[in-house]
Amino acid sequence: MGVTSEVSPKDRFVTVYGRKPVLEALADLELRVDKVIIAEGLGGSVINEIKEAAADRAIRVQRASAHRVKVLAGNGRHDQGVVADVVARKMRPLADALADPAHAPRNVLLLDGLTTPANVGMILRTATAAGIDGIVVPHRGVAGLDPLVIKASAGIAFHAPVLRSRTAGEAAEQLTEAGYPLYALEAGSGQNLFEADFGPRAVFVLGSETAGLSEDVQDRIEQSIAIPMHGGVESLNVANAAAVVCYELLRRQRR
């Protein structure tokens, strides 16, 4: 795994769209905003406020066609003609994170098919709080790191140790080739989360509550594990299940 990937802008920036979210990003001095892009011909008091806020921080403001802004936002209904690229300091390609085995992440979450922004945002927040080394958020098949995810994460999405891959299947392949066993949460498993031995490095796959894991990922699962359930409860929301896993890992590290 000695070859690093070619880093694309999507592996370095969180793209914020909408006038209020962009203004909020510009007002947060803890965030490094790379540039602001405004649709050609767009004006008005809020746009002027955005331009002034960017000028106060010496941030580049560019003009682009309305279509280009929609493409950059990835959400044509809510971009409002404004996007901003915010530097995510801990975000990098998964391939880069695995390139140096001596410094590769220990415990990793892999998101597979999670399309609800609230779940993705809450997982980013909880995993970061629990000290998880990496959260793989694929570019495809998972809710994008947009204002809805950022809001659900309470802004932590900008600071989370996000690892990017094209798809969850591609990430599963890279991780297994790097020697990581993949574990899936499955209610019917006979292996209890609190009793399982995961070793020094492991990947915990969080799949869609309705569709489950994608075939490419399922084929690489080494073992399924279960969170004990009582009171007739069959399963937990995926974000809640992620929280249980994250804090069990933190508990083990502190023993």
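Reader: In which hand do helices H1 and H2 cross?
Author: In this predicted model, helix H1 spans residues 19-27 and helix H2 spans residues 45-56. Their axes come within 10 Å. The crossing of H1 and H2 is left-handed.

Reader: Is H1 roughly parallel or roughly antiparallel to H2?
Author: The axes of H1 and H2 cross at roughly 20°. Angles under 35 degrees count as roughly parallel. The orientation of H1 relative to H2 is therefore roughly parallel.

Reader: Which residues of H2 make the contact with H1?
Author: From H1, the contact is made by Arg19, Val22, Leu23 and Leu26. The partners in H2 are Val46, Ile47, Glu49, Ile50, Ala53 and Ala54.

Reader: How many residues of the contact of H1 with H2 are nonpolar?
Author: Arg19 of H1 and Glu49 of H2 take part in the contact, and Arg and Glu count as charged. The contact holds two charged residues and no polar ones. The number of nonpolar residues is eight.

Reader: Is the aromatic pair of Tyr183 and Phe204 stacked or edge-to-face?
Author: The count of aromatic pairs comes to three. For Tyr183 and Phe204, the distance is 5.7 Å centre to centre, with 25° between the planes. Planes under 30 degrees apart count as stacked, and the pair of Tyr183 and Phe204 is stacked.

Reader: How many residues apart in sequence are the parts that the pair of Tyr183 and Phe204 ties together?
Author: Tyr183 lies in strand S9, residues 182-185. Phe204 lies in strand S10, residues 202-207. The pair therefore ties together parts separated in sequence by 21 residues.

Reader: Is the pair of Phe198 and Phe204 stacked or edge-to-face?
Author: The ring centres of Phe198 and Phe204 are 4.9 Å apart, and the planes stand at 85°. Planes over 60 degrees apart count as edge-to-face. The pair of Phe198 and Phe204 is therefore edge-to-face.

Reader: Is Phe204 buried or exposed?
Author: Tyr183, Phe198 and Phe204 form one aromatic cluster. Phe204 has 2% relative accessibility. Because buried means under 20%, Phe204 counts as buried.

Reader: Which residues is Asn107 in contact with, leaving aside its neighbours within four places in sequence?
Author: Asn107 lies in strand S6, residues 107-112. At 9% relative accessibility, Asn107 counts as buried. Leaving aside neighbours within four places in sequence, the residues in contact with Asn107 are Ile132, Asp133, Gly134, Ala202, Phe204, Leu249 and Gln253.

How values were computed:
Residues are numbered from 1 along each chain as its sequence is written. This is a predicted model: local features need pLDDT of at least 70, side-chain atom pairs count only at pLDDT 80 or more; totals for chains, interfaces and linings use all residues. Side-chain values use heavy atoms; hydrogens and water are left out. Rings of Phe, Tyr and Trp (its six-membered ring) pair if their centres lie within 6.5 Å; planes under 30 degrees apart count as stacked, over 60 as edge-to-face and the rest as tilted. Helices (H or I, at least four residues) and strands (E, at least two) are DSSP runs, numbered from the N terminus. Buried means under 20% relative accessible area, exposed over 50%, partly exposed in between (1.4 Å probe, protein chains only). Axes are lines fitted to C-alpha atoms, for helices over the stretch in contact, and angles run from 0 to 180 degrees between N-to-C directions. Angles under 35 degrees count as roughly parallel, over 145 as roughly antiparallel, 65 to 115 as roughly perpendicular and the rest as oblique. A crossing is left-handed if the near helix is turned anticlockwise from the far one by less than a right angle, and right-handed if clockwise. Contact means heavy atoms within 4.5 Å.
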